[in-house]
Amino acid sequence: MFSTVSVVGLGYIGLPTAAALATKGLDVVGVDVNRATVDLINAGQAPFVEPDLAVAVSGAVAMGRLRAATEAEPADAFIIAVPTPVGDDHEPDLSFVRAAAAAVADVLQPGALVVLESTSPPGTTLQLSQWLAERRPDLTFPHSAGAAADVHVAHCPERVLPGRIMIEIVTNDRLIGGVSECCGARAKGLYELFAQGRCHVTDATTAEMAKLSENAFRDVNIAFANELSMICDKLGIDATDVITLANRHPRVNILQPGPGVGGHCIAVDPWFIVSAAGDQARLIRTARQVNDAKPAHVIAEVSKTAARFKDPVVACLGLAFKADVDDLRESPALHITTELARQGVGRLLVVEPHITELPPVLADTGQAKLVDLEAALQESDLIVLLVDHDAFRGVKRTMLRGKVVFDTRSVWR
Ligand code: SAJ
């Protein structure tokens, strides 16, 4: 039985999960180190843009089912949803998981369940169990005590798509990896309280690897599309035509090339596999390299063309890592725009409907100005479409007349 659940980490995964549990009548305490996030949530507001999240948070807070705090408190179950980034060397950085483990360990009581939702390298959930045990020698844990353990530990990787989180958090199937069989069964009981998809139970390392495989699969497929687009640029033919025609085959489904792969998931998680099995993960590593090389290709193409103009005005449309989100993390669009500004290719007019001021990395170049779409279209010589936001799809083609257009997302065809 679960009546209180603590969600550690109130970001893109933790907060929607907390809201989903609270909506089902559980008492949820969200824990975050960021005081501003905690204050906003307690005021019934969501600290980032995600469809339907704001209403879920304000409803859950108003009903008294959800509150936030900066310190962990005892609960029947803990869900850890903290970042698992990679360092500059592409090695996993588990420091946030370790800090969350310490915070949870200090308030653990016998009978509690601890679930790791953060996408993690193989072996992390077992490691989590060990970290908890090191801090709580008075309790037993499943990596050593198995079914008899005082505390249950499991992995349940998040699998929701930014932009559709509130729908997918309920409808997606879940993978549940128990450190022991009874840990898996217990975690399944928790997720079945709000998940309508099936909960598939396995061991912790298999669940970790299955989640990483999902994102590596997508990364490899996007890399194929991006590589094709660079080949087509060299051959002077249109990659979108090539892909559209190839996709008329019943067993071919090539994804969309873009300015590169961004976000905190697909651009990161495949490195966990490379780190765990570098000699074997050759295709996965190469795909990462191909996708990481795409922004430089776009920058080179735009700079080459801009050099033909005297004092060109360049409109960069979109900074987010993908359509219709405000998330700039690991965004190729932001990287490309910043690099164009640093290289001084011209006066940059930046349009990003989901933000109100330029991020410091771009503002600090002193070369870019945030403007609205209409101004950018009117004043620019070159237009670089970097994100397929809905707001850009409706642009009248007459507005593009006489301009040089780089449509990296094939929106205006
Ligand atoms: N992209 C392309 N071409 C495409 C598809 C995507 O260039 O055809 C780019 C996007 O613009 C973006 C990046 O790839 O920069 C990733 O976007 P995405 O929409 O493919 O995925 P994410 O990172 O938003 O979410 C993924 C999802 N995983 C899979 O679809 C296998 C999601 O279900 C995961 O929960 C999420 O990673 C995660 O948190 O791991």
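Predicted model: local features only at pLDDT ≥ 70, side-chain atom pairs only at ≥ 80, totals over all residues.
Domains to begin with. The chain splits into domain 1 (4-197) and domain 2 (213-407). Their C-alpha centres are 33 Å apart. Who touches whom? On the domain 1 side, 19 residues make contact, and they meet 14 residues of domain 2.

Now the cavities. Searching the whole structure turns up two of 30 Å³ or more.

Take the largest cavity. Its space comes to about 40 Å³. Which residues line the largest cavity? They are Tyr12, Ile13, Glu158, Val160, Pro162, Ile165, His264 and Cys265. Sort that lining by class and you get six nonpolar residues, one polar and one charged.

Next, the second largest cavity. Here the volume is about 30 Å³. Its lining includes Tyr12 and Pro162.

Where does the second largest cavity lie? It sits between domain 1 (4-197) and domain 2 (213-407), because both domains give residues to its lining.

Last item: helix α12, residues 282-306. It has 25 residues, so at 1.5 Å a residue it should span 36 Å. The end C-alpha atoms are 37 Å apart, which agrees with that expectation. There is still a bend to look at. Where is the kink in α12? It lies at Lys294, shortly before the proline Pro295, and amounts to about 25°.

To recap: two domains, two cavities of 30 Å³ or more, and a kink at Lys294 in α12.

How values were computed. Residues numbered from 1 in each chain as written. Heavy atoms only, no water. 1 Å grid on protein atoms, 1.4 Å probe; cavity = no way out; pocket = protein on both sides within 12 Å on 5 of 7 lines; lining within 4 Å. Points joined across faces, edges and corners; volume = space filled by probe spheres on them. Nonpolar A, V, L, I, M, F, W, Y, C, P; charged D, E, K, R; others polar. Domains from an automatic or database assignment. Helix = DSSP H or I, 4+ residues; strand = E, 2+ residues; numbered from the N terminus. Expected span 1.5 Å × (residues − 1). Bend = angle between axes of the 7 residues up to and from the residue. Contact = heavy atoms within 4.5 Å.
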